[in-house]
Amino acid sequence: MGRSKYHVLGTQPHFITSTIVNWMPLFGQTEIVQIIINSLNFMQQKQRLTLYGYVIMENHLHLIAASANLSKEIGNFKSFTGRSIIDLLHKNKAEYILNQLEFYKLRHKIKQDYQLWQEGFHPQAIFNEEIFRQKLEYMHNNPVRRGYVDDPAHWRYSSYRNYMGLPSLLEVELIDFGKVESETHDGIPSRRLGTR
């Protein structure tokens, strides 16, 4: 796992960003995105990760997720998907892309020939409903801001459709804000996201 100035605090949801090296647009290929979807689905089924929201763009992804050991699980996710995607690129004889992944590999990674993911995943703890909604809206509107779609419901690789009650590619745990714990900090009421 990469060295990061960010740290995971407890088991509450975190906003996570993971990016392909050199911002290469590999997630434009359906076979590659399917590896990401299948891996996230597997982790949820095995109860290793709780996924509250996601968006997969052409060269990065954002998640809102929680786990008993988030750093370890995201490290496992990136390791597995990295190897699987590189295997697929070999199978498809994608030499140009493989050469790029070799070129952009960090020098200290001497036990591997390629690097798919940039180091780290920049977890930002989400402590209340307002921040959760802000991060979710940011993720869901990412394809709109990039000009790929006019409506976030038209982006296949996003949890927006889950929150609208529409069919989606990946299940997510919808937050029930009616069960959010109330707390007071310095006399100011706030709503804190409860942990599982």
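Biologist: What percentage of the 196 residues in the protein is buried?
Modeller: Buried residues make up 46% of the 196. Buried means under 20% relative accessible area, exposed means over 50%, and partly exposed lies in between, using a 1.4 Å probe and protein chains only. This is a predicted model, where local features need pLDDT of at least 70, side-chain atom pairs count only at pLDDT 80 or more, and totals for chains, interfaces and linings use all residues. Residues are numbered from 1 along each chain as its sequence is written, and side-chain values use heavy atoms, with hydrogens and water left out.

Biologist: How many helices and strands does the protein have?
Modeller: There are 5 helices and 6 strands. Both are DSSP runs numbered from the N terminus: helices are H or I with at least four residues, and strands are E with at least two. Along the sequence, they follow the pattern β-α-β-β-α-α-β-α-α-β-β.

Biologist: Which residues in helix 1 are buried?
Modeller: Among them are Ile32, Ile35, Ile36, Ser39, Leu40 and Met43. Here's a handy general point: an α-helix has 3.6 residues a turn, so residues three or four places apart point the same way.

Biologist: And what covers the buried residues of helix 1?
Modeller: The cover includes strand 2 (50–56), strand 3 (60–66) and helix 2.

Biologist: At what angle do helix 1 and helix 2 cross?
Modeller: Roughly 150°, and their axes come within 10 Å. Axes are lines fitted to C-alpha atoms, for helices over the stretch in contact, and angles run from 0 to 180 degrees between N-to-C directions. Helix 1 and helix 2 are therefore roughly antiparallel to each other. Angles under 35 degrees count as roughly parallel, over 145 as roughly antiparallel, 65 to 115 as roughly perpendicular, and the rest as oblique.

Biologist: Is that crossing of helix 1 and helix 2 left-handed or right-handed?
Modeller: The crossing is right-handed. The near helix turned clockwise from the far one by less than a right angle gives right-handed, and anticlockwise gives left-handed.

Biologist: Which residues in helix 1 and helix 2 meet?
Modeller: Ile36 and Leu40 are among those in helix 1, and Phe77 and Leu88 are among those in helix 2. By class, this contact has 10 nonpolar, 3 polar and 2 charged residues. Ala, Val, Leu, Ile, Met, Phe, Trp, Tyr, Cys and Pro count as nonpolar, Asp, Glu, Lys and Arg as charged, and the others, Gly among them, as polar. Contact means heavy atoms within 4.5 Å.

Biologist: How do helix 2 and helix 3 pack, at what angle?
Modeller: Helix 2 (residues 70–91) and helix 3 (residues 95–103) pack at about 140°, with their axes 8 Å apart. That makes helix 2 oblique to helix 3. Their crossing is left-handed. Ile86, Leu89 and His90 in helix 2 meet Ile97, Leu98 and Leu101 in helix 3.

Biologist: New topic! Where is the place of Pro152?
Modeller: Pro152 sits in the loop between helix 4 (129–145) and helix 5 (160–163). At 12% relative accessibility, Pro152 counts as buried.

Biologist: What does Pro152 touch?
Modeller: Leaving out residues up to four places away in sequence, Pro152 touches His140, Asn141, Val144 and Tyr160. The C-alpha atoms of Pro152 and His140 are 6.0 Å apart, although these residues are 12 apart along the chain.
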